[in-house]
Structure formats: C-alpha cells, structure tokens
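I opened the structure to look up its charged side chains.

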Amino acid sequence: MIVELGAFALILALMLSVAQTGLSAVGGARRSPVLTGAGQGAAIATFVALLVSFGALIYAFVTSDFSVTNVATNSHTDKPMLFKVAGAWGSHEGSMLLWCLVLTGFGAAMAVFGDSLPPRLRAYAIAVQGALGVMFLAYTVFASNPLARLLDAPIEGKSLNPLLQDWALAFHPPFLYAGYVGFSVVYSLSMAALIEGRIDAAWARWIRPWTLAAWSMLTVGIALGAFWAYYELGWGGWWAWDPVENASFMPWLIGAALLHSAIVTEKRGALPGWTAFLALAAYTFSMLGAFLVRSGVLTSVHAFAVDPTRGVLLLIMMGVAAGAGFLLFGIRAPSLNRGGQFRPISRESAIVLNNILLSTATAVVLLGTLYPLIREAMDGEAVSVGAPFFNLTFTPLMLLAFAVLPAGPLLAWKRGDAKGVARKLWVVLAIAALLGLVAYGVVQPRKILASLGLVFGFWLVGGALLEMAERLKLFRAPAAESVRRARGLPRGAWGTTLAHAGLGVFVLGASFETSWRVEAAQALSLNDSQSLGAYTVTLKDVGTIEGPNYLAERGIVTVVNAAGAEVCRAEPERRFYPTGGQTTSEVAICAKGLDDIYIVLGERRAGEGGKPAWLVRAYVNPWVRLIFLGPLLMAIGGIVSLSDRRVRLGVGRRTGEVVS
C-alpha cells in the first residue's frame, strides 16, 4: 500500500509540476499575484509529493519489499541498514527520483525564500524550474519508474554491487546531485532574466548564493567520490580521469568560473553576457553528466545504467533545455549592456583571465572525454584518452591560473597597481620558491616538476594568507586595530581565503603524493616480508571471517621501520559476496601524520615449496591527507561565504564591517 501511495505521489508530482509551470508563466506574463502565488504553492506541493514518493522507495528498501523491481535488483535481506537505505539512490531509477526530489526542492526553496526577487522574475524562474521538473518527472514516470512492481516477486534480491556498499559512496550521490541540480536554479534565474531582458548587477547578486551553494555541495560530492576510489577500489589512487569523474569535474570548473564572473557583474556591472552564458553552461554540463552516466556510452564502475534507449531520451532533454537557453541567449545577447570599462591591469582583468583559463580547461576535459566516443562513432575504432593527454593539456592551463590567482584579490577594481601588488607578493613568492628548492634537495628521488608543483601549492596558500593579512593590516597597524578589523570582516572574505588556501593545500598533496608514492607488490607466504621504501612489510597471518553479507580472508600485516619498531598493524581483507558471486578487496590504511601506509591483500596462490601465498600490495602515499583536506576547506569556505547576509540577500554592509 505504501509503495502504491508513493507511485501515486510521483504521478501527482508530475501533474503539479505542469501546474507550477503554467500558473507561474501566465502569472508572470499577466503580472497576476494570484496566479504567481498559485504557481509558488504548486512548486511547494510538488516537492512534498516527491518527498512522499521518495519516502515510499526508502521504505520498500528498508523492509526488503522484493515485489518492487528496483528493490529486487539492488537489495538483499542481509545488507547492512545503511546500504539498504543508500540502495534507494544506488540504481539508475532511484537516482533519477533523487534528482527529481532535489530539483523540486530547489523550486520550492525559490517559492519560499525568494521574497527578495522581483515578483515577475521570480514567477518566470519558478516556471522554468517547473518545466525542468516536468521533463525529468515525465522521464522518471514513463521510462525509469523506481516503484514499478514485479508480477512474480522473488524470495530474495540480487543485492547492490559490493563496490557501492560503502559509507562514502552512500553519501556521494546526494551531495553530487545537490551540486548538479543546484545549478538548475542558476539556469532558471538566467532564463527568467533573459526573458525580461535584465541581465544586470542585481541579477548577478541573485544567482551568487545559488551558485555558491551548488559549487560547495559539488565539491564535497567529488571529494567523497575520490576518497571512495582511493580506499575502496584497491589501486591506491584517487583520480584516474575516468570519463564519469570528468562528467562531474566539468560543471565544477564552469561553476568556479561563474562564481568569479558573477562577482564582476555584481560589483562593476561588467561581463553580463559572459556571466549569463556561464550560468546556462553550468547546468548544461550537469545534464551532460547525467546523460554520460546513464546512457551506456561509457563503461565505468561509476555508471548507473547501460540503456541506450533511455540515454537517447536524456540526450533529447539536454538538447531541449540547452537549446532553449542558448537560443534565448543568442536573441538577447546583442541588447545586453556591456557594463563598466576597466584597464588591462585590474581585478576585473584578473578574473577575466581566470575565466578564460577555466573555460579552456573545461573544453580540454570535454574533448578528452568525448573524443573516444566521436572516433568510435565515425570509424568504429576504439581509442582511449588517459592521464598523459590531460597532464599535457590540462595541467599547464591550471598552473597558469594558479600563478595569477593570488594577485587577483590584491588588485583594485577598474585600475590596479601591478608594481604595488608585486611588492606585496614577492615575499610569498620567495618563501614558496625556497620551500620548493628545499623539497628538491631533500626529498629523494629529486623531481624538478614535482618540486615546481609544491612551489605553486605554497604560492596559493601564502597568497591567500597574505590577502587576509592585508585586510587585517597585520604588522602594519596596532594589534587592537587588527582584531577590530577581524571582527568586522565579512564572512564572505573569510570564505574566500579558506577556499583559495584549500586549493593550495590540495595542490601540495596532489604534487607530493603522485610524485613520491612508494609501492611494492609480492606474493608472500606467512611470515614472509617485502621492502617498502624505508619500511618492511610482513604477512603474519591470514584467517577467515564472516561478515553480514560476505565471507572474507583477513590478513594481519605488520609494518616496521628501519629501526625495527612496529609502526603499523594492518588487517586488509579479501571479501566474497555469495549473493552476486563477486570478490572485492577491503584495504587497510594506517595514517601516519599526513601520510598513509596502504595495504591490499590479493588472491591466494601457490608459493615456494607449495606453501600458500597471497599477493600483498603495499603503498606509502605521502601527504595524501592534504588531497582530501583541500576540497574540504574549499567547501567550508563556500559555506562560510554563504552564511554572509550580503551574499545571501544582497544587503548593504553594516556599520563597522571592514571591506579592505
């Protein structure tokens, strides 16, 4: 009965979304408060209906109702409760329902919290959001219904892919969708503004908080996915330029460009057309990600589905949304105000350069992701584009962006003082270069490119700290004055510093870990050892254990340093899931400060003298913790900025706030 209620609520949500679109569009055109109010009510009701539907799906998973096709395909009675709940969005059908829930949730948020928006623009934005909801809800109801019943319900389910039964991946999709779908609000506000012909500073102020929220959630989602890949897949890496990874990275890059461009439009009235273009592109890339993950055109452990028919429908939906947006943009672009003028040396110019580099980097990632598909479609030849391509094309663009980034916030609007900024930054540059030289001289083997990466990381962190020091006038004013300025500093400024410093922390970790990782692999019998850099790894024992829905071989591995002291006692596992007949590795990680000692137990084989042996792969991943700390700081910076009333509401500065 609850499942039927959820199915009914899903269909009701589709009808309410149609009403939301029509009432809001007509209400905006006629300037009717009654109709626009009804449209807002329909937006809220749509979200409530989706909550009921999604709740019914979770109930079906929790109670192991295998009469529901989605549950029978992706759940099992022996699964831990967390993964039963996560199974609700671990499949294609469930993930689409989650997408619709988030999409309608943002529409309801505009209806409830959009009082600062002009009534007509708000009505058009809710109408556009409703139209997006109609497309995705129709797709879910007619092509991917997660609550469809089975005629002959099985006694037991097939269970979720064991690789997906992990806490990080349980929370990865909700954060990722909050980011993906969060850009839908930016898209809707941009479409509404283009309809009205008012792409201006006020519009940029309205889209900033939504962009900031979406980008921050997307950052967390990508970081959780990278962390999952790091410790769940058993290969010791966190990023492989997998096409599905790229699908989430492209809207993140465009979102970062949009954040900076919107600031220029809001503060100076410049770049309105370019900012609107980025706003449309951000959600377009989000929909592209949905298509790539669900169409079957890509083969990846991250992919939700391999159904070309449903993939074509998603491609059509993306074409309709993107086509409508860019067509309207093309019609309105000639009439958009060009905005304020600025000199080549200015904060505006620095942000323009930032946007050019981020957009070009996005194009590079897009080319590397789609080229194999295009090539195969043209001549049937299967090709792959991997890390070497991205290292040669993407990395130089990012290094140039990193080089410019610390200078941008120190430049004045409209006309900057390049010499003055250089005088402020030379100490940061000198310290970063010195630390890079120290790393080159001390860390073995010597790697000049890796040391250069460290220089950029220290440069970014130092530049962010210098910007904050300039705002507080540290060491240039009495301590009491600096404290007063710190108390009055807007939270948006603190958030910017955290985000820029977090990027530097990530660069430090990525440069060090990828360049100086130590790895070893050898088949070991009990009490055999292998060298791992300055450590010795010994396999002490292997036993059998029984988990809630798996059987496992668990090894006991000790790691000792050159002095003979034990620094790590690891217990990696090799798990077998009888339900799906799949075997996975459960790695063991020993944290040593910023480093990880990473142990993987492989398959059993015959060793010397016929004794059983197990392949033991071990890694020392130096500074790897910084790779995940950096994005966390960036996301926290975004949330701190979002807590600033000036960002959320576009209100004026309160007396006592410090802005420089």
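I took a salt bridge to be a side-chain nitrogen of Lys or Arg within 4 Å of a carboxyl oxygen of Asp or Glu. By this rule I count 21 salt bridges. I note that the model is predicted, so that local features need pLDDT of at least 70 and side-chain atom pairs count only at pLDDT 80 or more, while totals for chains, interfaces and linings use all residues. Residues are numbered from 1 along each chain as its sequence is written, and side-chain values use heavy atoms, with hydrogens and water left out.

**Entry 1: Arg268 and Glu348**

I looked up Arg268 and found its side chain in a salt bridge with that of Glu348, at 2.7 Å from N to O. The pair links distant parts of the chain, 80 residues apart: Arg268 is in helix α9 (residues 243–268) and Glu348 in helix α12 (residues 347–379). Helices are DSSP runs of H or I with at least four residues, strands are runs of E with at least two, and both are numbered from the N terminus. For exposure I used relative accessible area: buried is under 20%, exposed over 50%, and partly exposed in between (1.4 Å probe, protein chains only). Glu348 is buried at 0%, whereas Arg268 is partly exposed at 26%.

**Entry 2: Glu481 and Arg485**

The closest N and O atoms of their salt bridge are 3.8 Å apart. Glu481 is partly exposed at 25%, and Arg485 is buried at 8%.

**Entry 3: Glu571 and Arg554**

I recorded a salt bridge between the side chains of Glu571 and Arg554 (3.8 Å, N to O). Glu571 lies in the loop between β5 (566–570) and β6 (573–577) and Arg554 in strand β4 (residues 551–560), so the pair ties together parts 17 residues apart in sequence. Both are partly exposed, Glu571 at 40% and Arg554 at 29%. I also found the two in a network of salt bridges with Glu573, Arg575 and Glu586.

**Entry 4: Lys84**

A polar atom of the Lys84 side chain lies 3.3 Å from the backbone oxygen of Thr77.

Definitions and conventions
Polar contact = N/O pair within 3.5 Å; in protein donor to acceptor, adjacent residues only side chain to side chain.
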